[in-house]
Every structure is written in C-alpha cells, then in structure tokens.
Amino acid sequence: PPTTRRFTRTDCTDHRLSAVRVGAAPGQARKRPKVLTCHSALLAAQLRVTLLPTPNSSGLSRELEGHWPESPAASPCVAGVIPVIYYSILLGLGLPVNLLTTVALARLAARTRKPSYYYLLALTASDIVTQVVIVFVGFLLQGAVLAREVPQAVVRTANILEFAANHASVWIAVLLTVDRHRALCHPLRHRATSSPGRARRAVAAVLGASLLTGIPFYWWLDVWRDADPPSTLDEVLKWAHCLIVYFIPCGVFLVANLAIVHRLQQRGRSGPRPQVGKSTAILLGVTTLFALLWAPRIFVMLYHLYVAPVYRDWRVHLALDVANMVAMLNTAVNFGLYCLVSKTFRAAVREVFQDTHLPCTLGSRSVGTVAEPMLKPPGLPKGAGL
C-alpha cells in the first residue's frame, strides 16, 4: 500500500495545499498548481489509511502481518462441519469399541497372566484417555461447541493432558515391542524376568514419565488462535513433540521389528517354516498402523513450522485438519486388528457379549425357574473355575 503521512496545521497554510510538478526541467513552464482544500486533503489521506492491504502485498506492518482480511479463503475452519461429523462418529463408535476391548483384554490378562496382555490393556486404556481428552474435550468441546472461546489457562492445562495421553499411548507400544523382541530373541531371559507385576510397574513408570513430559507443552502455541509467528520456544516444543511421539518410537519399532523378522527367518532356515505368533502379528500391525497414520501429522507440523503458518495459508490449515483426523483414527483401529489376528481375542469378545446377554435372559424368566449357565467348560471337575 502507498505510504501516507499525517497532515498537520502547518501543511494547510492559507487553507491551501499545492501539488507541484516534480522533475521539471529548468526553463520549462510550470503547470498551474492543483489546489485542494485542507479538508479534502485530510479526507483523502484517511481513505488511503483505511484501505486494507492484500495478503500478497509487501511492506505490511507487524500488526497486520498475521491477519487475513475478511474473505472466504481465510475461513478459520476450511473443512467446514466435516471434522465435527468425523470426530463425533469416531467418538461414538471408537469409545464403546475400546471399552469392549478393555473388558476382553482384562479377562485374558487375568486368565493367562501374560505380560503382553497387560501391555495391550494399558495401550487400550491410553487410547480411551486420548479419545476423551483430545477428541471430545479438544476438538469437539473447545473447537465446535465453545468455538475456542476458552480461557487461555484452561487451554494450556488441557494441552498437558493431551500430550501426556499421546506420549503414554506411543510409549506403551514401545514397551510391547521390547517385550516381544526379548521373548523371541532372548527367550530364556524373558521367561526368567517377565511377570505381570513387572509389566504393571513398567506401565506405571511410562504413565508417570508421560505426565512429566507433557508439562512443558503448557506453553504450546495454539496455531488456530495465536497470530504471532512461532518463537524459539515453539520450535523447540514442536521438535520435542516430533521426537517423543514419532521419530524415536518409530526408530525403536523399526530396529526391533527388523530383529524379530530376522530371527524368524533364521528359524526358517534351520528347520520347518516357523509360524508367526499372534502377539508378534499384533505387534507388527500396531506399529505399522501407527507409523502410517501419524506420518501426515508430523509432516504437516514441520511444514507449518518452516514453510507456511496455518493463519497465512488456508491449504496448510486444511492439511492440518485432515492430518489430525487421520492420526486420531489410530485410537479406534486396534479392535479390528485384534479380531482379525487373534482367535483367542474373538472368543473373549464373544464371551463378553454372552455374559452381558445372560442377566437379561435371567431377568425375563419367571420367579422360581432355575437357569442353566450358558457356558459349560468341558472336562472340568465340579466347582473348578476357568
């Protein structure tokens, strides 16, 4: 926009303002000066000052640099109501499915006392916390219902819980990976040291560490509302988030999974072709899905940090919306993976449904009628439990 200067009383000598031709050669006749009243000059200057600059114009002041003018392309939510519908469906379907997964895994953990079931149970519990804290509180309640009109202290406190839930979910998967690696590559040591108590202590340590690592993200930059460019602290926090939640865990997943596959190939060369265990197949599926579903969010976050901020480019805003939706899908897909891989898990889920249906069947019977149990374990003596 053209530069403007403020007119003062000294500019209006005799209530006239002259615009003299600039650069006239000596000896040339000057044109008659253009005469404006002081009131007209002040009005023209005000009109020039109030003009909004275009987003691509240069020389913007710092005050206007981070704001878009009122236009359809500068909408704060480019995707419209699609994220609200998506997160509502994800929460409505994913939360009951994760609760069902929790009940089934709790029964399997109590019955078999295998550490892998305790890790899967903790992973499912962290997915539930992620859905409640991030999907419901973060995206639906703050973003859609309250339209981000939330006190800054509340938003920053919620950031701690959101990042702690993310870190816990990822690093519990790291615990599962390390457990499966030790079980296949060092079976004797694994049998001597693994126990349910050790697994519970490891999960508790990861949860405590996740809460501690979530505290620095109290100062996380809200890209949807803050118009200032990312500072050094924002850059440090974003790189710390990328390292904690993606790059370091994916490095552990890659190394451990390659070692597991190499061990299975060695067994295949020395004898009959080994069958991949259910726990190993679940591990490979969980880690692969995580790496694929979280990759777009990490890429868009780094692109937003170094190339184009969200508040300047609506395409980055849209990409970040889509990347967040894809990443949150990771909290609801594990149930399908468990059912696809493990026949034991499918039987446990079927047992949960049958036990849920049994009280309804007993309640519909007349009083005094004795109901036989629906599940009779064959070959067990009288009074023996499963």
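Visitor: Let's zoom in on one spot: at 14% relative accessibility, does R180 count as buried or exposed?

Guide: Buried, with its 14% relative accessibility; that label means under 20% relative accessible area, while exposed is over 50% and partly exposed lies in between (1.4 Å probe, protein chains only). Bear in mind that this is a predicted model, where local features need pLDDT of at least 70, side-chain atom pairs count only at pLDDT 80 or more, and totals for chains, interfaces and linings use all residues. Residues are numbered from 1 along each chain as its sequence is written, and side-chain values use heavy atoms, leaving out hydrogens and water.

R180 pairs up with D179 in a salt bridge (a side-chain nitrogen of Lys or Arg within 4 Å of a carboxyl oxygen of Asp or Glu), with the closest N and O atoms 3.4 Å apart. D179 is buried as well, at 5%. Elsewhere, shared partners join R107, R111, E351 and D355 into one salt-bridge network.

Helices here are DSSP runs (H or I, at least four residues), numbered from the N terminus. E351 is buried at 14%, whereas R107 is partly exposed at 28%.

R107 also bridges to D355, with 2.6 Å between the closest N and O atoms. That pair again links helix α12 with helix α3, across 248 residues. D355 is partly exposed at 28%. Across the whole structure, the search turns up four salt bridges.

Key:
Helix = DSSP H or I, 4+ residues; strand = E, 2+ residues; numbered from the N terminus.
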